[in-house]
Amino acid sequence: MKLEGRIWKFGSDVDTDAIIPARYLNQSDPKELARHVMEDERPDFFQKVRRGDILLAGKNFGCGSSREHAPLALKAAGISCIIARSFARIFYRNGLNLGLPLLESSEASEEIREGDRVRVDLTTGEIFDVTQQKRFFANPIPAFMQELIRDGGLIAHLQKRGAKGKRQSSNPD
Amino acid sequence: MTITEKILAAHTGKKYVSPGDLIDARVDLALGNDITAPLAIEAFERIGAKKVFHRDRVVLVPDHFTPAKDILSAEQCQVLRRFAKAHRLSHFFEIGEAGIEHVLLPEKGLVLPGDLVIGADSHTCTYGALGAFSTGVGSTDLGAAMATGRLWLKVPESLKLIYFGKLKPWVSGKDLILFTIGDIGVDGALYQAMEFSGEAIRALSMASRFTMANMAIEAGGKNGIIEPDGITLNYIKPRAKRSYRLYRSDPEAHYADVREYDVSRINLQVALPHIPSNVKDVREVGRIEIDQVVIGSCTNGHLEDLRVAARILRGKKIAPSLRLIVIPATQEIFRQALREGLIEIFLSAGAVVSPATCGPCLGGHMGVLAEGERALATTNRNFRGRMGHAESEIYLSGPAVAAASAVKGRICHPEEVLRKGA
């Protein structure tokens, strides 16, 4: 799977309160959430972001709360992929569960600039900065998670496996 | 194996697991709240699930925007209420019997040593204080776990944190965990199990242990965990309604890293804006005047925290033009605080006492900050804009510093308040 988009560059430790402030969590409509994505950090982000754009960040992206509204808002705003030096673990799970591709690369995180056009090959992990003509490789995505992404997220994965509450009667004791 | 690895192995039907293994683990308890559960219920329905895996093992607690702060919040609570009724859940807590989830669940005996707990709330790691594996997940994971009773997990590496020595006066678990986060950073334990150990941990009260495990996520940790001991069992025994297992790390267990802290050298800590790792000794923060103090939350809303605050506030008045909001974390804590006269002390000092809610901690309601305002809170995160306006500031501390600072109107050590006499 290949993606191409324009880069929005953020720093390190971008927390989920910055991605989507809790004052908007009294509902979970993706379109409504998208309207407020990154609003305290960059008030004009939602106005300017275009479908397919790629978000680039430093270390520990998505730290803080477990709110899935954060990757949901980014995805609904049009972000097609996030490249970071590292991700906070709950955000990482949530992104993959929603089918939002997340790639880790220290070099890409440092060298790619705001506004660059970047091509990403999710299968190989290759990140190509068209503007700078530079090539990077992301850490490989574990096979199990690749399967999740291929299936289109956790729900689709479970539907595919037919796990419709199969174990519903089992007692954990 | 470490205690974390042993619990994960036991829930996977394996004799042995090691860091990096991807496991399909059995879940003992799955938790959601009024913000995260609506999306989880949506995911549950999209899977096509008809029943929850076990009606005693799915817990729903409306606690974030409750008592419902607006129509949309009320509707979110309604989603939980309807789901709980339709699936005959044993543990749906209406606000009159509820509280902040991470203080409520242990209090009700719903989490026991050796359990594997997941919750769609990042502070689910709190229960590690009981010797359980517990971690925060998102709504989709919760929805899947509610349907299947299982969840895939990667076995984390463990980071051993050894605390020795004797605590200084007023220093609590909050200071130890803030100091630790200041030392290792907000991603210092990324994806790792933080195992808190040593004689100073064994000497800590249950409340302080909960506070430490609670903030493991603030260092990026997957879980925080403490080996159960006599103090754990004293807490558990009157509450447990099912069997449990005590696990300990093997002496030869492997750790990604081991760090040691002499607690006798750790003073009262304050985290400065806008990141929990930006910590300083309270005596080194300089003159920081504050508009609001919040004592409460899943981190520091325990009875013990209120007692500490009351010891300082007894017979005193808070600074003019300062707002002090005290939030007992559960109805039971509120009732006990009332019996002990703590609520009277708070009210006489000029505080407002709120029903249990996460409210102000995440800028939801019950004490949101205006532009340019500065708060000191016993909560867990001081990210920019977390408690309100993007141009407000949050400082974090334990209850002793919070109570003393409410009296002075600026961040200070409790001795500054008590030295003058009542």
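How many nonpolar, polar and charged residues are in the lining of the largest cavity? By class, that lining has eight nonpolar, 10 polar and six charged residues (Ala, Val, Leu, Ile, Met, Phe, Trp, Tyr, Cys and Pro count as nonpolar, Asp, Glu, Lys and Arg as charged, and the others, Gly among them, as polar).

The model is predicted; local features need pLDDT of at least 70, side-chain atom pairs count only at pLDDT 80 or more, and totals for chains, interfaces and linings use all residues. Residues are numbered from 1 along each chain as its sequence is written, chains are lettered from A and ligands numbered from 1 in the order in which they are written, and side-chain values use heavy atoms, without hydrogens and water.

Start with chain B. Its mean pLDDT (the predictor's confidence in each residue, from 0 to 100) is 97, and 99% of its residues reach 70 or more.

Next, select B:His64, B:Asp121, B:His123, B:Leu362 and B:Arg386, which lie nearest the centre of the largest cavity among its 24 lining residues. On a 1 Å grid over the protein atoms alone, a cavity is a set of points where a 1.4 Å probe fits but cannot get out, and lining residues have an atom within 4 Å of a point.

Colour domain 1 (3-261) and domain 2 (268-418) of chain B: both give residues to this lining, so the largest cavity lies between them. The domain bounds come from an automatic or database domain assignment.

Last, go to the second largest cavity, where the lining includes A:Cys63, A:Arg89, B:Glu218 and B:Phe383. Its lining has seven nonpolar, three polar and two charged residues.

Definitions and conventions:
On a 1 Å grid over the protein atoms alone, a cavity is a set of points where a 1.4 Å probe fits but cannot get out, and a pocket is an open set with protein on both sides within 12 Å along at least five of seven lines; lining residues have an atom within 4 Å of a point.
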